[in-house]
Every structure is written in structure tokens, then in C-alpha cells.
Amino acid sequence: MRADLDIVAGLVGRDQNVLDLGCGDGTLLETLIERQGCRGLGVERDLDDFHACIDRGVPVTHGDLEQELRRTGTETFDCSVLSLTLQAVRHPDRVLEEMRRVAPRQIVSLPNFGHWRLRTDLALRGRMPVTPMLPYRWYDTPNIHLCTLADFEDLARQAGLEIRARILVDADGRRKSGLTGRAPNLLAKGAVYSLSA
Amino acid sequence: MPEGVGLVKTQRVVVFDRDHPLTLDSGAVIEEVEVAYETYGELNEDRSNAVFICHALSGDAHAAGIHEGDDPNRPGWWDNLIGPGRPLDTDRFFVICANVLGGCKGTTGPSSIDPATGEPYGLRFPLIQVRDLVNVHRALLAKLGIEKLLAAVGGSLGGMQALQWSLDHPGEIGGALIVAASARLSAQNIAFSAVAREAIMRDPDFADGDYYGTGKRPDRGLALARMIGHITYLSEESMREKFGRRIQDAEVPRYGFDVDFQVESYLHYQGQSFVERFDANTYLYLGRVMDYFDPFADPVRTRTQIAGGDTRFLVLSFDSDWRFSTEHAREMAGELRAAGAPVTFREISSPHGHDSFLFPTPDYHQTVAGYMDRLEASV
């Protein structure tokens, strides 16, 4: 499992009812269901991933996560998860608000566009950065709403969410400690947030 | 497509009799119940590969394969789904399909002889519910020595049976595959159903349901009911594509009140061919079964039922189905999930309206096949 999903799974905890928005092939939910006694539901737009979820025995709705969120009842889950997907949604602000509505806890992971490598790429080369964590070129990227960790934290506060935990990660989604924590917005390649209303 | 299941035969078995009569959910009793059914594939040693097909309003036990003497191009009604290498793979699954209680294709229904009078039941046949249909299926399974199903699969009224079964009998069904169905008919659905019922009951040959043996049948009413039904089964798009405004057997309109447009001719044909193979009273009874279906009436009960079971649900709808639209399917999935059930849901794109569940759309079959593979793997 992707290292950042390990961190997400740790933050979700045991025996939770989890909504995984943009759940991909269902790896996270499978782990949560089989190892952590959780219940859950995935939402996935990609058909290959949707069928991979079926193959793993993970309950999933095929569709657009923003539409599915709107259809989801208030506080029907314990925890809503959005891993490496916020930057790809049409309305990140509304998605955060809806995640808050459907579950009292939210877990969000995202790449940090404020990382120094990206800043220097843009500053020195004058080109949109392409990195292992953000491997697309500007014209074919699904990531239409990139932000820095500082930007995200502002938006979270604006949505009335409190940051309960922030785990900084490297490009592989592994936990970074040490120096990175001194200036996360500059040094972390990404972060996993645990939020609550 | 690989070869299907080949030659098949409908079999019959008495599942309730004078000593062990069927008590309906309403409390009414049917003394003798015979069931017509077909099976495809082999039951495995630990009896864990049984898949039950629940049919829709006008269906029957002949879901796959060919009956001796029949046109090989006209196999059972769900032949594209059932057979070696097909999503309900008869090399791996033991597939059973039975005509429902109240039916007219071999299972006891209003056209059967009431042992109490020696005459056909007609409208003296008691009103039945989805729950009763399920209990007759279960009695058949008991005769076949099957305690647990790998899956129950059905479209439309068939999906309703799979749903009710999984709710009422926790632990009996591994997976419920519910296609183009509803957990609660809308006012519009009931309205269409009412017009169809009126068409039959107002036919002078209906004779309060006692038309058997009179040499007359309410064919005009039943044909009309079927025509109305058929309009709701197709989508506007599929009708436009199939018929447009074309004139039947001519280039220019004949201008008059007889059948002129192709779509009229088609509906007329559907109505006529239906009366040759279907019983008007069965249409009334099964229509009412759907109208009154309301398995989630008591949310507390639903929660208890789901908590007691381990059924996994696959709910599928079709974007062009306006009889049981995707909203019906979403509502059903929502109620099941609210009660704690694991539900996978997908809306599939298909132009064939409500009838889409009968078509071999690759996208649809892929999802069914994937779900069946997973169910098999988790035994």
C-alpha cells in the first residue's frame, strides 16, 4: 500500500464508518475493513478502479465524488477521506465543507506546491514544475487546484475545520521528520491532515 | 459469444401440499403449490455455488438454453447472461430459475385449479406479496437440498425478490444482484399500473376473472395493458431510433385511425403476441405485487434485518430507464447503506430503457461478472 495511505489508515483508527472519496482501487478501504474493523464506502469515477474495488470486495459507488458528496446524508459517516484528490476536484472549498457535513472527522492528504524545488523550478526555469509527486505537464494534468500547505490550512480554517494532526511526507508518501518540520511549507513534499469540526 | 447451455427442460415439483400448505404473509393459505423451474450447470459438492434467478413480471422459468423443438435463435430470456463463460458462468455456478407464485408458466397461480372447488382460482386466488414469492423459491431450494445461495439475481420485479429475500432471511444469500429495480414504486409507476389493470378488468370478456373454459379471454384488455407497459419499458431515444415517425409498410401515411406508424404496429404486435403466452389474471396479481412492495417501510426492522445478515449488494440502474430510474436505485442503495449493508452501486449507460437489463451490454456484463467472481472467491 502507498505509504501515505498507511498514514491515513493510522489516522482513521479502528471501527469507523469511512467514506473514501476518490478511493482508487480500494486498497485503503480494504485495509480499513479487513484489518481495522471499519465499515466503508468508496466513490470512484474511473471504471477500472471501480472494478478493482469490486474485486477487492470493497463497496463502492461509481460516480463523481462532488456529486456523490451532495447526495450523502448529513453525518452518515464517522470519517471522510480525501487522499491526493483535493487538487483534482472542481470546487475544493465546497468539497471540504461537504466533507465536514457528512462526517465529524476528515482526513485529507495533498501534495505541497510550496516545496522549494517547485518554487525554484518556476522561479529559475520559468516553467511549470514536473515532479514525481506531480508528474503531469500543465496541459494534461488532472490537478487543477494546486495549493501550498499554508494555502490549504487557510482554507481548512475557513471551512470551520480544526487541524488535529499534520503529518509531513516525502514524495513516496513516507513520514518525514527532522528539519522538514522547521519549515514545512518549504521543505515538505506533501502532508496528511487529520481535521475535525 | 461462446455456446450457451444447450437443450434444457422445464421441471416441476410440488413444494406445498395439503399436509404442508403455504401460509402467505397475509395469513391466507394456499393448499397446494407446484413450481416450474429450470437448472443449468452442476451443484458442487459443498453446495456453495447455487445462483437463483428471479424473473420479472412477464418472465418464466426458461431463463437460458433452448427447449426441444424451439427456434435455436430464441433461447431463454436471460440467455446472454447465463452459460459457459458468460457472467453467470454455468461451468462454475449452479443456476436455478423458477416461475413465480401467481405465475402462468407452470407454477401455481390464478389459472391453476383450486383443490377446494375443482375450478380455476381466478380472482379467488389470494393476494400475494414479494415475500410470498420468495418463500416459494425457498421451498424449491429445500427440495433441491440447497441451504445457502451464492447469489440471488434479478431485474425489475426479479430484483425486488432478491432484495426482499436478503432482508427477510439473513444468512441465506451471499450476494444480491439487483438490476433496474425499485424498493418503492412511485405514484407514476402505480398510475401506469392502474391503467393496465383497468384495461384488463373493463374488458367485457374478463368476466370477473372467471374466463377460463368459457372460450373467451380478456385478450383486448391484456394486449392494451401490455402496450402501455411496453411504452414504459422503452426509452424515448430507443423508440426514436427504432421507429422514428416511419410509416408501416408504406412511404406515405394512409391518414386514418388504423395502425399507420411503425411504432403503432410494433406495440400492436407486442400486445397480440403477449396474449398468446400470458394470463390476464397473473398480470393483475403480479402488478399488484409490485404496487404494494415496500420492504423498507420500517427502518428499525430493516436495520435489524441487515445486522443479522451478511449479504453483499450490487445495485445497478440504466440511464435511459424511466420506469425504474436511477433515482429508484440510488434510494434503494441509500436505504440499504443507512441500515449498514455493504452496497456497490453503478448507473450504466444503455439506450434500451427499462429493458436494458435484458441486453448484453458489455459494460453491464463486465460488472456482473466481476461481482460474481468476487462472491465466488469469498466462499
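Guide: What follows is a chat about a predicted model.

Visitor: Let's start with chain A. How many helices and strands does chain A have?
Guide: Chain A has eight helices and seven strands.

Visitor: And what are the spans of chain A along its principal axes?
Guide: The C-alpha trace of chain A spans about 45 × 35 × 30 Å along those axes. Its radius of gyration is 16 Å, which agrees with the value near 16 Å for a compact globule of 197 residues.

Visitor: What share of chain A is buried?
Guide: Buried residues make up 45% of the 197 residues in chain A.

Visitor: Next, what percentage of the contacts in chain A with a separation of 6 or more comes from residues 24 or more positions apart?
Guide: That would be 63%.

Visitor: I clicked on Glu75(A). Where is Glu75(A)?
Guide: Glu75(A) sits in the loop between helix H4 (65-71) and strand E4 (79-83) of chain A.

Visitor: Is Glu75(A) buried or exposed, and why?
Guide: Glu75(A) counts as exposed, because it has 11 C-beta neighbours inside 10 Å and the cut-off for exposed is 12 or fewer.

Visitor: Leaving aside neighbours within four places in sequence, which residues is Glu75(A) in contact with?
Guide: Those are Val102(A), Ala103(A) and Pro104(A). Take Val102(A): in sequence, 27 residues separate it from Glu75(A), yet their C-alpha atoms are 4.2 Å apart in space.

Visitor: Over to chain B. Which domains is chain B divided into?
Guide: Domain 1 covers 7-186 + 293-377, and domain 2 covers 189-288. Their C-alpha centres lie 25 Å apart.

Visitor: How many residues are in contact between domain 1 and domain 2 of chain B?
Guide: On the domain 1 side there are 25, and they meet 19 residues of domain 2 of chain B. The domain 1 side divides into twelve nonpolar, eleven polar and two charged residues.

Visitor: I also see helices H1 and H2 of chain B. At what angle do their axes cross?
Guide: The axes of helix H1 (residues 130-144) and helix H2 (residues 157-168) of chain B cross at roughly 80 degrees and come within 9 Å. H1(B) and H2(B) are therefore roughly perpendicular to each other.

Visitor: Which residues of H1(B) and H2(B) meet?
Guide: Val130(B), Arg131(B), Leu133(B) and Val134(B) in H1(B) meet Met160(B), Gln161(B), Gln164(B), Trp165(B) and Asp168(B) in H2(B). By class, this contact has five nonpolar, two polar and two charged residues.

Visitor: Something else: what is the phi of Ala207(B)?
Guide: Ala207(B) has a positive phi of about 50 degrees although it is not a glycine. You'll find Ala207(B) in the loop between helix H3 (187-201) and helix H4 (219-233) of chain B. Ala207(B) is partly exposed, with 14 other C-beta atoms within 10 Å.

Visitor: And what about the phi of Asp249(B)?
Guide: Asp249(B) has a positive phi near 55 degrees, and this residue is not a glycine either. Asp249(B) lies in the loop between helix H5 (236-242) and helix H6 (262-277) of chain B. With 9 other C-beta atoms within 10 Å, Asp249(B) is exposed.

How values were computed. Residues are numbered from 1 along each chain as its sequence is written. Chains are lettered from A and ligands numbered from 1 in the order in which they are written. This is a predicted model: local features need pLDDT of at least 70, side-chain atom pairs count only at pLDDT 80 or more; totals for chains, interfaces and linings use all residues. Helices (H or I, at least four residues) and strands (E, at least two) are DSSP runs, numbered from the N terminus. The radius of gyration is taken over C-alpha atoms; the globule rule is 2.2 Å times the number of residues to the power 0.38. A residue is buried if 20 or more other C-beta atoms lie within 10 Å of its own, exposed if 12 or fewer, and partly exposed in between; C-beta atoms are placed from the backbone. Two residues are in contact if their C-beta atoms, placed from the backbone, lie within 7 Å. Domain bounds come from an automatic or database domain assignment. Ala, Val, Leu, Ile, Met, Phe, Trp, Tyr, Cys and Pro count as nonpolar, Asp, Glu, Lys and Arg as charged, and the others, Gly among them, as polar. Axes are lines fitted to C-alpha atoms, for helices over the stretch in contact, and angles run from 0 to 180 degrees between N-to-C directions. Angles under 35 degrees count as roughly parallel, over 145 as roughly antiparallel, 65 to 115 as roughly perpendicular and the rest as oblique.
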